[in-house]
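This briefing goes through one protein structure by topic. Please look over the sequence and the model below before reading the points.

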Amino acid sequence: MAKIWGKMWALMGLLLFNSVCTVSSLSVNVNNIECVYEYVLYEGDTISGNFVVVDHDIFWGSDHPGIDFTVTSPLGNTVHELKGTSGDKFEVKAPRSGMYKFCFHNPHSAPETVSFHIHIGHIPTEHDLAKDANESTRKRVIGYTVGEYILLTLVSALQVIYIRQLFSKSVAYNRV
């Protein structure tokens, strides 16, 4: 029984780690042109990563042109480009949010396997932090104001009901 619980906890831990992780890694076979797409949530996010051609020393001679790597923004502009390399690191500031395209071009006829690693992260600026604080304060003020109006309306209705009950009672006066 303890073994089953141990395996379940290990599986749950693995699933939790996988859902928290914001890094993408994959292996791509490049015959001619292969592209990978990744969505960037915020303008100004840092897109960083690296790639390497796996086992290129076995097949490459001195005349191999290498792999070309291009990062294209959602508007179609090239934001980063590397020509004729067996691998490199890259870092780009996203000019806008949207779907970015990462393309590998293999001009040689032999297919190559490329190991690709990418990380997209939002680093908040002072402006973002001030904006978040302002938005939080605005929501609290609106919440308190709405609560105050509801409470004021409720108290007014209770006063009207109480006053009507006071005057609806018939008081017996002794008339002589």
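Predicted model: local features only at pLDDT ≥ 70, side-chain atom pairs only at ≥ 80, totals over all residues.

The protein has three helices and eight strands. Along the sequence, these elements follow the pattern α-β-β-β-α-β-β-β-β-β-α.

**Overall make-up**

- Of the 176 residues in the protein, 22% are buried.
- The accessible surface of the protein is about 13400 Å², and carbon and sulfur atoms account for 59% of that surface.
- Among contacts in the protein with a separation of 6 or more, 77% are between residues 24 or more positions apart.

**Nonpolar core**

- In soluble globular proteins, nonpolar side chains tend to be buried together.
- In this protein, the largest nonpolar core has 21 residues.
- The core members that touch the most other members are I47, F51, F69, Y100, F102, F104 and F116.
- At least two residues of this core come from each of the strands β1 (23-30), β2 (33-40), β3 (46-53), β4 (67-72), β6 (87-93), β7 (98-105) and β8 (112-121).
- Strand β8 supplies four residues, the largest share of this core.
- Leaving aside neighbours within four places in sequence, F69 is in contact with F51, H80, E81, L82, F90, F102, C103, F104 and F116.
- Of these partners of F69, F51, F102, F104 and F116 are also among the core members that touch the most others.

**Disulfide**

- The structure contains one disulfide.
- This bond is formed by C35 and C103, whose sulfur atoms are 2.0 Å apart.
- Because C35 is in strand β2 and C103 is in strand β7, the pair ties together parts that lie 68 residues apart in sequence.
- The disulfide of C35 and C103 is right-handed because the torsion about its S-S bond is about 105 degrees.
- Are the two cysteines buried or exposed? C103 is buried, with a relative accessible area of 12%, while C35 is partly exposed, with a relative accessible area of 30%.
- C103 is also one of the residues in contact with F69.

**Surface patch**

- On the surface, Y37, Y39, L41, Y42 and M99 form a nonpolar patch.
- Together, the residues of this patch have about 580 Å² of accessible area.
- Y39, one of the patch residues, is in strand β2.
- Y39 counts as partly exposed because its relative accessibility is 46%.

**Salt bridges**

- How many salt bridges does a search of the whole structure find? The search finds two.
- K83 has 58% relative accessibility and so counts as exposed, whereas E81, with a relative accessible area of 43%, is partly exposed.
- E81 is also in contact with F69.
- Another salt bridge joins the side chains of E135 and R138, with an N to O distance of 2.6 Å.
- E135 and R138 are three residues apart in helix α3 (residues 126-168), so about one helical turn separates them.
- E135 counts as partly exposed at 33% relative accessibility, and R138 counts as partly exposed at 42%.

Key:
Residues numbered from 1 in each chain as written. Heavy atoms only, no water. Core = buried A, V, L, I, M, F, W, Y, C linked by side-chain atoms within 4.5 Å. Buried < 20%, exposed > 50% of the residue type's maximum accessible area, 1.4 Å probe, protein only. Contact = heavy atoms within 4.5 Å. Patch = residues over 30% accessible without salt bridge, like charges linked within 9 Å, V, L, I, M, F, W, Y side chains within 5 Å. Areas by Shrake-Rupley, 256 points an atom, 1.4 Å probe, with all protein chains shown as cover. Salt bridge = Lys/Arg side-chain N within 4 Å of Asp/Glu carboxyl O. Disulfide = S-S within 2.5 Å.
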